[in-house]
Amino acid sequence: MLRAIPCAAVFLLAGCLAAQADGDAALGKKVFNRCIACHEAATDRDKVGPHLMGVVGRKAGSAESFADHYSQAMKDAGAAGLVWNEANLAEYLKAPRQKVPGNRMAFTGLTSDDDIANVIAYLKADPKP
């Protein structure tokens, strides 16, 4: 019985750490406020930038409603196979111009890995918090 308690504690801790690594969508919504002037994530409405609803898993430069506005660099990245999975989004959110050189996004990037994980969690959340 006493062995079961430490094992349960290890599994509980591992679960908490995994949840933290995945990010917090509610915190991500707050961080996304830095992006809201140019992007929408809760609807498919485009702004200066494309909507980000359903962006996780989407090919770069492929939102049909924004097709005429993507930079050639973003279109080329998508044609070369760039898909916005969590790893690619994390790299892009950290340094957009390094991940896709020549893209038009003026934002220089997020510096906090926690903020990046939280924004990705927010983008993945359906429905949004």
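**Entry 1: confidence**

The mean pLDDT of the protein is 88, and 84% of the residues reach 70 or more. Over residues 4-20, pLDDT stays under 50, and the model has zero contacts beyond four places in sequence for them. Where pLDDT is low, predicted coordinates should not be read in detail. I left that stretch alone and moved on.

**Entry 2: the nonpolar core**

Next I looked up the largest nonpolar core, which has 26 residues. F32, M74, W84, V100, V119 and L123 have the most contacts inside it. Which helices supply at least two residues of this core each? I found α2 (25-32), α3 (72-79), α4 (86-94) and α6 (113-124). The largest share, five residues, comes from α6. It is a friendly reminder that, in soluble globular proteins, nonpolar side chains tend to be buried together.

Setting aside neighbours within four places in sequence, I found V100 in contact with A73, M74, A77, L82, W84 and Y92. Both M74 and W84 are also on the list of core residues with the most contacts.

Is E40 buried or exposed? Its relative accessibility is 14%, so I put E40 down as buried. Beyond four places in sequence, E40 is in contact with F32, R45, K47, H51, L52 and M53. F32 is a name I had already noted among the core residues with the most contacts.

I then checked what the polar end of E40 does. A polar atom of its side chain lies 3.4 Å from the backbone nitrogen of A42. E40 also forms a salt bridge with K47, with the closest N and O atoms 4.0 Å apart. K47 has a relative accessible area of 24%, so I list K47 as partly exposed.

**Entry 3: the other salt bridges**

The side chains of E86 and K124 meet with their closest N and O atoms 2.7 Å apart. This pair links distant parts of the chain, with E86 in helix α4 and K124 in helix α6, 38 residues apart. I have both ends down as partly exposed: E86 at 37% relative accessible area and K124 at 41%.

D115 and R34 also meet in a salt bridge, at 3.3 Å from N to O. Here D115 sits in helix α6 and R34 in the loop between α2 and α3, 81 residues apart. D115 counts as buried because its relative accessibility is 18%, below the 20% cut-off.

**Entry 4: cysteines**

Last, I looked for disulfides, and the search of the whole structure finds zero.

Conventions
Residues are numbered from 1 along each chain as its sequence is written. This is a predicted model: local features need pLDDT of at least 70, side-chain atom pairs count only at pLDDT 80 or more; totals for chains, interfaces and linings use all residues. Side-chain values use heavy atoms; hydrogens and water are left out. A nonpolar core is a set of buried Ala, Val, Leu, Ile, Met, Phe, Trp, Tyr and Cys residues joined through side-chain atoms within 4.5 Å. Buried means under 20% relative accessible area, exposed over 50%, partly exposed in between (1.4 Å probe, protein chains only). Helices (H or I, at least four residues) and strands (E, at least two) are DSSP runs, numbered from the N terminus. Contact means heavy atoms within 4.5 Å. A polar contact is a pair of N or O atoms within 3.5 Å; within protein, one must be able to donate a hydrogen and the other to accept it, and residues adjacent in sequence count only if both atoms are side-chain atoms. pLDDT is the predictor's confidence in each residue, from 0 to 100. A disulfide is a pair of cysteine sulfur atoms within 2.5 Å.
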